[in-house]
Amino acid sequence: MGLAKINPTHTKAWQKLQAHFNTIKNTHMSDLFAQDKSRANTFSIQWEDFYLDFSKNRITSETFKLLLDLAKEVKLKEAIECYFRGNKINETESKAVLHTALRTTKNKEIVVDGKDIVPEINQTKQRIETLTNAVINGQKTGYTGKPFTTIVNIGIGGSDLGPAMVVDALDFYANHLNIYFVNNIDSDHLSKIINDIDPETTLFVIVSKTFTTQETLCNANTLKKWFLKSAPQTAIQDHFVAVSANIKQAKLFGINDSKIFPIWDWVGGRFSLWSAAGLTISLAIGYDNFNKLLLGANCMDTHFKTQSFDKNIPVVLAIISIWYNNFFNTESEAVIPYTQSLKQFIPFLQQVSMESNGKCVDRNQNSVQYQTGNIIWGGVGTNSQHAFFQLIYQGTKLIPADFIAFSQSLDGNREHQKKLISNFIAQTEALLYGKTQNTNFPFKVFEGNKPTNSILIKQLNPESLGKLIAMYEHKVFVQGVIWNIFSFDQYGVELGKKLANNVLNTINNSTPEAIHNDATTNILQQFLMDFN
Ligand code: F6P
């Protein structure tokens, strides 16, 4: 059984939302607060160490009820069950979507294609733990007997963004290992890393589900060649491990079976940090912390699976997002974490959300006649206040924003923390009320009425980060269900990959005329002139 295939715009709730939108579209949120003293309590959720305030949105109780009705009408409850049960909801690729199984704490069987996947997950976790411990305590050494000091993760997209974001975010929990991420095919970036590292003490982790990704293979081969300039061929086994679903290609690269960690068909690249693709996370912060990250995500999974929709954080965030995207016709959503630690959260979230929901064909194979995936962008606070906030305040576009903050700093500096959180709080209030004093100087008028969600979390730690990531994963899932699209394939990016290879062939053969578009031929000729 797959997901229902219901055009959301044909539901009763959608029709009612449309009519309702026309009546409230010009309402100012300040009036909603003035009219309803319990608004802040009605539209907030306290869950474990998370507090979500969604009262600063252009919604009334009626809006919220209709959005919840929409979720029911498109059979969201059933969709969630299919998702966790392992039904092949990635229908276009005939795959289950089970990154949630990677963080389950129960040993209850989860069957995919007639096979219980839990034993293999546990076995792989065990291998991650063993390698992590051996590297951290220096038991596993490089080919000259020196302990490893450096890890280089080679991967791109989901094989890079998640691990890189988590390693950066949880830097406070890091051990002595130096961690590098090689992702881009840009050799200038790679050269800088090569200058920093020592072949005798570096462990390379090649992460590629397909083991065919051009950037990753090119970088891995360059690093292997560089490594072999000083090390013997046999040292490859000590210094290179692979994480892949393509065991054959990983072996062809020169890595033995025992150094290959599996990922499976049912783990999408952008959801793979919970698998062995997160090996570098485990190495950076220790296996116990890696496991805590998984436990945090599992906690959010349980909340998402069991909580009624009106108190369900991912569901609430998703339906509010739909409200703006499909009724106010907003095009983007900003995400503003008030911590430098989450500076890599935006690119990570961009892949999770935009690679999933950037789709224009619905589950009935029809072109969608409504908006789907939003543009996700943002940056850390307070820095963003001094950069792009002007546009959110006084620009012509309506940009709903998620504000994320952690109550406690990690270093215990209370003075900085009070200032940081004051900004986090003040911004959403200023965006709500604006400033409309009578003035002959219109440039100073802020209309306010700018929607925000505030997500306040007690402290940034592996568990809370796991919860936060899983929260957004599930939000994206809910949006895809409502939009009646398939969120778990990414055929769009495949075309670009194929064309890049065609162009590379023409560069290698110096035959720009083989390209059939004049503008492209001109660019290529210009490049060949400069390059050669
Ligand atoms: O560019 C698309 C993509 O397939 C992503 O979905 C994926 O995370 C990334 O490439 C890397 O793929 P792989 O892990 O197979 O190298």
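## Ligand site and strand pairing

An oxygen atom of the ligand sits 3.2 Å from an N or O atom in the side chain of glutamine 351. That pair is a polar contact, meaning a pair of N or O atoms within 3.5 Å (within protein, one must be able to donate a hydrogen and the other to accept it, and residues adjacent in sequence count only if both atoms are side-chain atoms). Keep in mind that this is a predicted model: local features need pLDDT of at least 70, side-chain atom pairs count only at pLDDT 80 or more, and totals for chains, interfaces and linings use all residues. Residues are numbered from 1 along each chain as its sequence is written, and side-chain values use heavy atoms, with hydrogens and water left out.

| Residue | Atom on the protein side | Distance to a ligand oxygen |
|---|---|---|
| Glycine 158 | polar backbone atom | 2.7 Å |
| Glutamate 355 | polar side-chain atom | 2.7 Å |

On its own the ligand exposes 390 Å², and the protein buries 88% of that (areas by the Shrake-Rupley method with a 1.4 Å probe). The shell around the ligand holds 14 residues, with Gly158, Ser159, Ser208, Thr210 and Thr213 the closest; a residue counts as near if one of its heavy atoms lies within 4 Å. Helix 15 (345–357) and helix 19 (491–508) are the elements that give two or more residues to this shell. Helices (H or I, at least four residues) and strands (E, at least two) are DSSP runs, numbered from the N terminus.

Now for the strands, which pair if DSSP finds at least two bridges between them. Strand 1 (residues 44–47) and strand 2 (residues 50–53) run antiparallel, joined by 4 bridges, and glutamine 46 has tyrosine 51 in strand 2 as its bridge partner. The two strands make a hairpin with 2 residues between them, and glutamate 48 in the turn has a positive phi of about 45 degrees. Strand 2 also pairs with strand 13 (residues 452–459), antiparallel again, over 4 bridges; there leucine 52 partners isoleucine 455. Strand 12 (residues 401–408) runs parallel to strand 13, with 7 bridges.

The peptide bond from glycine 381 to threonine 382 is cis, with omega near 10 degrees, and threonine 382 is in the loop between strand 11 (375–378) and helix 16 (389–394). Glutamine 365 isn't a glycine, yet has a positive phi of about 70 degrees.
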